[in-house]
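Student: I should be grateful for a close look at one part of this protein. Please describe the surroundings of a single residue and then connect them with the rest of the chain.

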Amino acid sequence: MGIGLSASTVQAAASDTWIYDSITLLAKEGYMDMPEKPLSAYSKKELGQMVAQALLEFEKNRTGSLADEYGRISRLLVVDEVQLKLAEEQERAAESRIKSARSKAAKDTEMYVRRSMQGKNRLEVMQPLKEKSNASLNRLEQASRDYAQAKSRVEQRSRMLDYVRKRKQDLLAGLNGSENGSAVSAGNAGIYGNSVSAGGATSVVPASVLDTVGRLRAEFLPELDENGSLDSMNARQQLESNMPVEDVPDQRLKVDAEVRYDVRYSSGADSGENRQRARARLYPDYNIDNNWHAIGMLEWEKAFTGSGDDKDGKLKLDRYYLSGNVGIAHMDLGAFGSTMAEGNIYDSKFMGVRVQAGEPVKYTLEYGKAAKDKIEQSYDFTISYQGAVYRVEGGFYHFKRRDENSQDIYMANYHHNIGLLDAGAMLLYGRNKGDSGKTGYVFTLGYTPQNSWQPYTFSSWLKYYYQPSSTYVSHTMNAMVDNMRYDKNDSFNRNGGFKGWGIGINYNLPAAWTLGLEFYRLQDLEWGRRSNTIWFAVTKSFQNYHE
């Protein structure tokens, strides 16, 4: 395609040779392709279009690639700063440990040597002292090794961080058009660290090697990041360290909440009022000092049909307690929820103290007062063992009523996984003061998949109950079993209780919605009167944090 040029245009273009040289340079650098005709054959307007395309490509490559790398190096800088902070924490812990180990080793060794120099070389005297001294020296050796590794790790992390900071500075200078080079400054020379050879001997890594590693790591950041090498190196260094890292909470105040609408319909001689109810609960958990937590539960409920209880239409602080570790034990102190024997004995508020300790054998002691009318004092003690596919537990529960009568319940429970199902058998023996006692039992078959928390999954259970009134105080189920413990005059019925079966299904929906459906068919143990109950609930859960 021919382009007609006037003599004045060609003359003007020929006089601007620096423009041609600049365009040629851009073409050599790959930012544009040289046109087929000589540059002098094009008008100033056409040359301007070429320059615009070249500058656009240049700016795209310069700001695009450099800005991308600047973003990646900024991310790496944050990771390295956190790694250095944790390494410094490990160094401080190692330094404290080595001081303690050195003091203990000096004391134990001095005692051993002093007794030896005093001529007390009897075996029964010296052997325990020697063993104690050797053990202290071994702990000192291990603590010293940990300290050396921790200190070396801090030095290495610090130097790596210097290289990343320098690289970030050079990238920013490049984006701004500065000619500041990306080479490591002379101030970084003379760096060295320690390594252990295959034979176990310690050797010094030359400064040039560590410099090269740091420069390559910063220079090849995109490639290392893409193939996962950075994560692998960080993971390897963390696995090599056995130093403790301070546990810093990610969020001081965590709040869980749920809103539920439920409907209960019952029929039969022992049925209660049919009810429709809305309930809202708020569970705040404040991390006081990374051990003790202040935990509570605010509750509001409203009955739309049927009579409500003393909470109806009111906002109440129903749970309030401190929870934390004391030595090897975990303690709850205040008003907390207690589920005794899987709720087959009691499931409600308990005011007092709970102490738990042990693994895999777990011991639990509760002392205080069950929040049930006419109960004055309560305490219980349970022991449980969790195996790979089974769980076994036993317990004793004592309830003292205001009328000076008391109730003692003994529990033995066994669960075993059968494929996808969990089968359980619980034996209960309850005795009221002055009675010979009666025996009850609960058989359970449950299905709870591992991903039961995910949407579109369900869990279910099937239970058969035989529980005289002496074997429970406030049952967890939504049927009318509490009515079966009392006679028409609202007095405790020693011959009361229930038997029958229940089934429950829970189904999860997206956005933390859950559907629940339960059905019970029960029979009074004294009169044989039947009671059928169906219960349905829709629950929406909330939380202000992510696990």
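Tutor: Let us begin with F399. Leaving out residues up to four places away in sequence, F399 touches M340, I345, A370, I375, Q377, S378, N405, S406, Q407, I409 and V473. Please keep in mind that this is a predicted model.

As a general background, nonpolar side chains tend to be buried together in soluble globular proteins.

The strands themselves come next. Strand 11 and strand 12 run antiparallel and are joined by 11 bridges. On strand 13, D408 has R431 as its bridge partner. Strand 12 and strand 13 are likewise paired in the antiparallel sense, over 12 bridges. These two strands form a hairpin with two residues between them, and G419 in the turn has a positive phi of about 65 degrees.

From the strands we may turn to a loop. H475 is found between strand 15 (458–468) and strand 16 (497–509). Its relative accessibility is 5%, so H475 counts as buried, the cut-off being under 20%. The side chain of H475 makes a polar contact with the side chain of N344 at 3.4 Å, and the H475 side chain also reaches the backbone nitrogen of M477 at 3.4 Å. Beyond its neighbours within four places in sequence, H475 is in contact with G343, N344, I345, Y465, Q467, V481, D482 and F498.

M484 counts as buried because its relative accessibility is 1%. Apart from neighbours within four places in sequence, M484 has contacts with D270, Y472, G496, G497, F498, L522, Q523, D524 and S531. Between M484 and S531 there are 47 residues of separation along the chain, while their C-alpha atoms are separated by 9.9 Å.

A further example comes from a helix. D170 is placed in helix 4 (residues 123–175), and D170 counts as buried because its relative accessibility is 4%. D170 and Y70 are 100 residues apart in sequence, and the distance from C-alpha to C-alpha is 9.4 Å.

These details belong to a protein whose secondary structure comes to seven helices and 18 strands. Of its 547 residues, 33% are buried. Among contacts between residues at least 6 apart in sequence, 53% join residues at least 24 apart. The accessible surface comes to about 31,500 Å², and carbon and sulfur atoms account for 55% of it.

Finally, a word on confidence. The average pLDDT of the protein is 81, and 77% of the residues score at least 70. Over residues 1–14, however, the pLDDT is below 50, and this stretch has 16 contacts in the model beyond near neighbours in sequence. Residues 179–206 also stay under 50, with 41 contacts beyond four places in sequence. Where pLDDT is low, the predicted coordinates should not be read in detail.

Key. Residues are numbered from 1 along each chain as its sequence is written. This is a predicted model: local features need pLDDT of at least 70, side-chain atom pairs count only at pLDDT 80 or more; totals for chains, interfaces and linings use all residues. Side-chain values use heavy atoms; hydrogens and water are left out. Helices (H or I, at least four residues) and strands (E, at least two) are DSSP runs, numbered from the N terminus. Buried means under 20% relative accessible area, exposed over 50%, partly exposed in between (1.4 Å probe, protein chains only). A polar contact is a pair of N or O atoms within 3.5 Å; within protein, one must be able to donate a hydrogen and the other to accept it, and residues adjacent in sequence count only if both atoms are side-chain atoms. Contact means heavy atoms within 4.5 Å. Accessible areas come from the Shrake-Rupley method with a 1.4 Å probe; for residues, only the protein chains shown count as cover. pLDDT is the predictor's confidence in each residue, from 0 to 100. Two strands pair if DSSP finds at least two bridges between them.
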